[in-house]
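Here's a quick tour in questions and answers. Have a look at the picture first, then we'll go through what the words mean.

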Amino acid sequence: MKSRAAKAAIYCALDTGDLAVAKGLADKLQGLVGGIKLGLEFFAANGPGGVVELGAFGLPIFLDLKLCDIPHTVARAIKSLLPLKPAILTLHGAGGEPMLRAAAEAAGLGADELDIPRPKLVAVTVLTSMSEDDLQNTGVNLPICDQARRIASLAQGCGLDGAVCGASEVAALRIQCGPDFMLVVPGIRPAWADADDQKRVTTPAEALELGADVLVIGRPITTAADPQDAAKRIAAELEAT
């Protein structure tokens, strides 16, 4: 794989509420990753202003807020987030068809009004921290892969651009949803890194081979003694596939 393509697939998860730490990491990772992911911890601590400050580094922003509420509320939330110009925005697929359709419509209309690119909307299928037992404890009596396929199909039918899934579900979703449906895979751990609290993990190269488009990699880079070296090492592994 060409170096540019390998780097573009990597979105580094800056899972911190400390703005200075996040900015330091973003500065170090310029040119080494395809973008940065900002989640609930960061947004709760720093709000929209923090996203603007991170956007100044020029890296595409994956805003991982996993929106889930009544359709009207989610639609208005998306319109409020559009000025931040996220490249990717997440919703919980479990929010259902009316919510997902409202989100897609709001993103399209809002982006047109602002004359900005519409963010890629992706639906979370099953959190990668969950096991089969965890899923069943929520009342969903399906295997994880079947539930992921169901949510991905729903999201695609509602006009979303992709889904968030575990690596073990990528092949099935790629066959079901086709080549243009974005598959975002968290729980990525190089062979030399710890799994931490993720239960469904795979290496970056394995996930890409299965058909993933975006690899979300956090702690193997952010907690490394040398984050730049860790990012370069992961990109080199992808280039070798």
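Q: Why does Lys66 count as partly exposed?
A: Its relative accessibility is 25%. Buried means under 20% relative accessible area and exposed means over 50%, with partly exposed in between (1.4 Å probe, protein chains only). So 25% puts Lys66 in the partly exposed class.

Q: What kind of model are we looking at, and how are residues numbered?
A: It's a predicted model, where local features need pLDDT of at least 70 and side-chain atom pairs need pLDDT 80 or more, while totals for chains, interfaces and linings use all residues. Residues are numbered from 1 along each chain as its sequence is written, and side-chain values use heavy atoms, with hydrogens and water left out.

Q: Where does Lys66 sit, and what makes its phi stand out?
A: Lys66 belongs to strand 3. Helices (H or I, at least four residues) and strands (E, at least two) are DSSP runs, numbered from the N terminus. Phi of Lys66 is near 45°, a positive value in a residue other than glycine. Most residues other than glycine have a negative phi.

Q: Which residues of helix 7 and helix 8 meet?
A: Among them are Ile144, Ala148 and Ala152 in helix 7, and Glu169, Ala172 and Leu173 in helix 8. Contact here means heavy atoms within 4.5 Å.

Q: Why is strand 2 said to pair with strand 3?
A: Two strands pair if DSSP finds at least two bridges between them. Strand 2 (residues 35-39) and strand 3 (residues 61-67) have four bridges, in the parallel sense. Leu38 is opposite Leu63 in strand 3.

Q: What about the neighbours of strand 8?
A: Strand 1 is joined to strand 8 by three bridges, and strand 7 is joined to strand 8 by two; both pairs run parallel. Tyr11 has Val216 as its bridge partner, while Val185 stands opposite Leu215. In order 1-2-3-4-5-6-7-8, eight strands close into a barrel with parallel pairing.

Q: What makes a group of residues a nonpolar core?
A: It's a set of buried Ala, Val, Leu, Ile, Met, Phe, Trp, Tyr and Cys residues joined through side-chain atoms within 4.5 Å. The largest one has 68 residues, with Leu14, Leu54 and Leu215 among those with the most contacts inside it. Its largest share, eight residues, comes from helix 5. A second, separate core has 11 residues, including Tyr11 and Val164.
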